[in-house]
Amino acid sequence: MNIKNAQQDVDNWIKEHGVRYFNELTNMAQLTEEVGEVARIIARRYGEQSEKESDKNKDLGEELADVVFVVLCLANQTGIDLQDAFDKKMLKKANRDHDRHHNNEKLK
C-alpha cells in the first residue's frame with residue numbers, strides 16, 4: 001500500500017465510521033498524545049527506564065500506526081498529498097545527505 005492509498009483508506013474510514021474529521025488543533029493534540037505513547041514504550045523497553053508491568057503488553061506497532069493514522073488525517077484535512085511530499089523529501093534527503101552519514105566519524 002502506498003501513502004496515497006492510505007490517505008484514501010483513512011478518508012473512507014472517517015466517512016463510514018466517524019462523523020467527521022476532528023479539527024486540526026484537536027488532531028494535533030491527538031498526534032502529540034500518540035507520539036507520547038510511542039515515546040513511553042521506547043523509553044521503557046529500549047531505554048534506561050524500567051518497564052512497568054502494565055506497559056509490557058503494549059504494542060509498539062499499534063502505537064506507531066496510531067501516529068500514522070493521525071498524520072494521514074492531518075494531511076487529508078489540510079489538502080496535502082503526502083505521497084508527493086514524501087517522495088520529494090526522500091529525493092531531497094538522497095541528494096543532500098548522500099555522503100553525509102558515511103563521512104560521520106561518530107557512526108563508525
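Predicted model: local features only at pLDDT ≥ 70, side-chain atom pairs only at ≥ 80, totals over all residues.
1. Packing of α2 and α3. Helix α2 covers residues 24–45 and helix α3 covers residues 60–77, and the two pack at an angle of about 160° with their axes 9 Å apart. Because angles over 145 degrees count as roughly antiparallel, α2 and α3 are described as roughly antiparallel to each other. The crossing in which α2 passes α3 is left-handed. On the α2 side the contact includes M28, L31, V35, V38, I41 and I42, while on the α3 side the contributors include L60, L64, V67, V70, V71 and L74. Divided by class, this contact has 13 nonpolar, three polar and six charged residues, with E24, E34, E37 and R45 of α2 and E63 and D66 of α3 among the residues that take part.

2. Packing of α1 and α4. Helix α1 (residues 3–17) and helix α4 (residues 82–96) pack at about 150°, and their axes are 7 Å apart. The two helices are therefore roughly antiparallel to each other, and the crossing of α1 past α4 is right-handed. The contact is made by I3, K4 and Q7 from α1, together with L82, Q83 and F86 from α4. By class, three of these residues are nonpolar, two are polar and one is charged.

3. F86 and I3. F86 belongs to helix α4 and, at 42% relative accessibility, counts as partly exposed. Although F86 and I3 are 83 residues apart in sequence, their C-alpha atoms are 8.6 Å apart in space, and both residues take part in the contact of α1 with α4.

4. Packing of α1 and α3. The axes of these two helices come within 9 Å and cross at roughly 85°, and α1 and α3 are therefore roughly perpendicular to each other. From α1, the contact is made by I3, A6, Q7, V10, D11, W13 and I14, and from α3 by F69, L72, C73, A75 and N76. The residues of this contact divide into nine nonpolar, two polar and one charged.

5. The salt bridge between D55 and R40. Side chains of opposite charge can pair when their charged atoms come close. A search of the whole structure finds eight salt bridges, and one of the pairs is D55 with R40, whose closest N and O atoms are 3.1 Å apart. D55 lies in the loop between α2 and α3 and R40 in helix α2, so the pair ties together parts that are 15 residues apart in sequence.

6. E51 and its surroundings. E51 lies in the loop between α2 and α3 and forms a salt bridge with R45, with 3.1 Å between the closest N and O atoms. E51 is partly exposed, with a relative accessible area of 23%, and R45 is likewise partly exposed, at 28%. When residues up to four places away in sequence are not counted, E51 touches R44, R45 and K56. The C-alpha atoms of E51 and I41 are separated by 8.0 Å, the two residues being 10 residues apart along the chain.

7. D84 pairs with K88 in a salt bridge whose closest N and O atoms are 3.1 Å apart. Both residues lie in helix α4, four residues apart, about one turn of the helix. D84 is partly exposed, with a relative accessible area of 35%, whereas K88 is exposed, at 55%.

Technical notes. Residues numbered from 1 in each chain as written. Heavy atoms only, no water. Axes fitted to C-alpha atoms, helices over the stretch in contact; angles between N-to-C directions. Parallel < 35°, antiparallel > 145°, perpendicular 65-115°, else oblique. Left-handed = near helix turned anticlockwise from the far one by under 90°. Contact = heavy atoms within 4.5 Å. Nonpolar A, V, L, I, M, F, W, Y, C, P; charged D, E, K, R; others polar. Salt bridge = Lys/Arg side-chain N within 4 Å of Asp/Glu carboxyl O. Buried < 20%, exposed > 50% of the residue type's maximum accessible area, 1.4 Å probe, protein only.
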